[in-house]
Amino acid sequence: MSKIDVLNLVSTLSNGMADPVTADKYYDQTITDLAHENWFVDARLSFFDGVGDPTMALGDDVVNLLGLIYDDVELEEASRVQMDSIDPDWRDADGYPRSYIMEDVSKKSVQLHPAADFPSNPNLGNFGEPLGQDYPTYAAAVFFSYAPLPPLQPQYYLELVIALKVLALEFTRESDHADMEFAQAAQALSDLCKGMLA
Amino acid sequence: MAQACGPLIDRVLQRVFDPAGVGTTRAQVRDLLSRAQQYICCAFESQVVSVPLTTQPTLQVYDFASIAPDILKLKSVRDGSRDLSEIEFPRLKQIDNHWFGRSGPRFETFSVLGRNILVIHPQCPVLNSVNVIYVQQLPALNVEGDPVNLPDDQITLLVKLTEALVLLKQRDIVHLQPLLADLTQEAKQEEAAA
């Protein structure tokens, strides 16, 4: 219900002038912007088959990668340029990963160096704690921010911040109801409320 | 402490020169009050509560939802009478890149990641417990008799913030701008005091 609540709030605060189609689009954009600021964070496991493929898929929902743990070691991020200068054949190495390289954020994957050549234990324990007692050997724990787009919902206390930001975007856009003063005031109120949550 | 929201709706509507609630209904003002009180509560840490958390063996990562459903901002973690030191998440790796698997005789630090994850470090091999201290979300104001659980000295700011939202709705930017400047200044003073 959260997206509907936010869009209703946008409609109320704009006295029905906001275009529902663009407001819907700006809702998604605002949620993604908040995800880039790490307001929504999660952690999950990733497994390896041990064949030495250096590419590790992060998942389409990952916005920022905040931490990557292989087995029990948090890997260092390295740049491709740095790796190329150390060893031009770094992609062919396999063993126990020590670092990861994010080549292209949009691909939602990272390259492990060296590539994992140990298969993850595919069996989770029975405790219901994948990041605790059930954590399998040679698996990875990924900490990341994500955008809670429907059916996921942002927290209730963020709804007003999001609605005000949507209003700011909607009334900045060239349209028959554009209003820069209103948009700036909505933006300022959104920033004020968000700042109070920090 | 804890006054009903009905009289606050009257105050907001009088301040925006719409005492009858013609341009903005009383229900709309109540909804805005309900939302605005969360920001005041968080900024001033008005409602701080403590909840026990049973820590599981070898588990360091806890979702906020598993601790309490109404966390607005996590403030601290206490092990008995000892406050754990807060650490930024990236610093865990700088101190020890094996932090995820490290266990110890007692908890030392905690880290908050976003608004969803609490890390308590190092892991403890047996069941244990800590107290989590957090700023609590205030209950929604569903009817005019519902109480606003903020101290009296913060009610004025709550009314001002709600007034600003109603002025935005009324497109009364002339009256909104000085109010916004005032609110921003007060929020900065609060930040500096914190």
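Mentor: Helices (H or I, at least four residues) and strands (E, at least two) are DSSP runs, numbered from the N terminus. This is a predicted model, where local features need pLDDT of at least 70, side-chain atom pairs count only at pLDDT 80 or more, and totals for chains, interfaces and linings use all residues. Residues are numbered from 1 along each chain as its sequence is written, chains are lettered from A and ligands numbered from 1 in the order in which they are written, and side-chain values use heavy atoms, leaving out hydrogens and water.

Trainee: OK, which residue stands opposite A:Ala141 in β10(A)?

Mentor: That's A:Ile69. Strand β3 of chain A (residues 62–70) pairs with β10(A) in the antiparallel sense over 7 bridges.

Trainee: And how many bridges does strand β1 of chain A make with β10(A)?

Mentor: 6, also antiparallel, with β1 covering residues 41–46. There A:Ser46 sits opposite A:Ala140.

Trainee: Is β10(A) enclosed or open?

Mentor: Largely enclosed by the rest of the structure, because 7 of its 7 residues (140–146) are buried; buried means under 20% relative accessible area, exposed over 50%, partly exposed in between (1.4 Å probe, protein chains only). A:Ala140, A:Val142, A:Phe144 and A:Tyr146 cover one face, and A:Ala141, A:Phe143 and A:Ser145 the other.

Trainee: What about A:Leu65, buried or exposed?

Mentor: Buried, since its relative accessibility is 16%. A:Leu65 belongs to strand β3 of chain A.

Trainee: Switching topic: which residues have the most contacts inside the largest nonpolar core?

Mentor: A:Leu189 and B:Leu161, in a core of 88 residues. A nonpolar core is a set of buried Ala, Val, Leu, Ile, Met, Phe, Trp, Tyr and Cys residues joined through side-chain atoms within 4.5 Å. There's a second, separate core of 36 residues, with B:Leu53 and B:Leu92 among them.

Trainee: Back to A:Leu189, what does it touch?

Mentor: Beyond its neighbours within four places in sequence, its contacts (heavy atoms within 4.5 Å) include A:Leu164, B:Leu161, B:Leu165 and B:Leu180.

Conventions
Two strands pair if DSSP finds at least two bridges between them.
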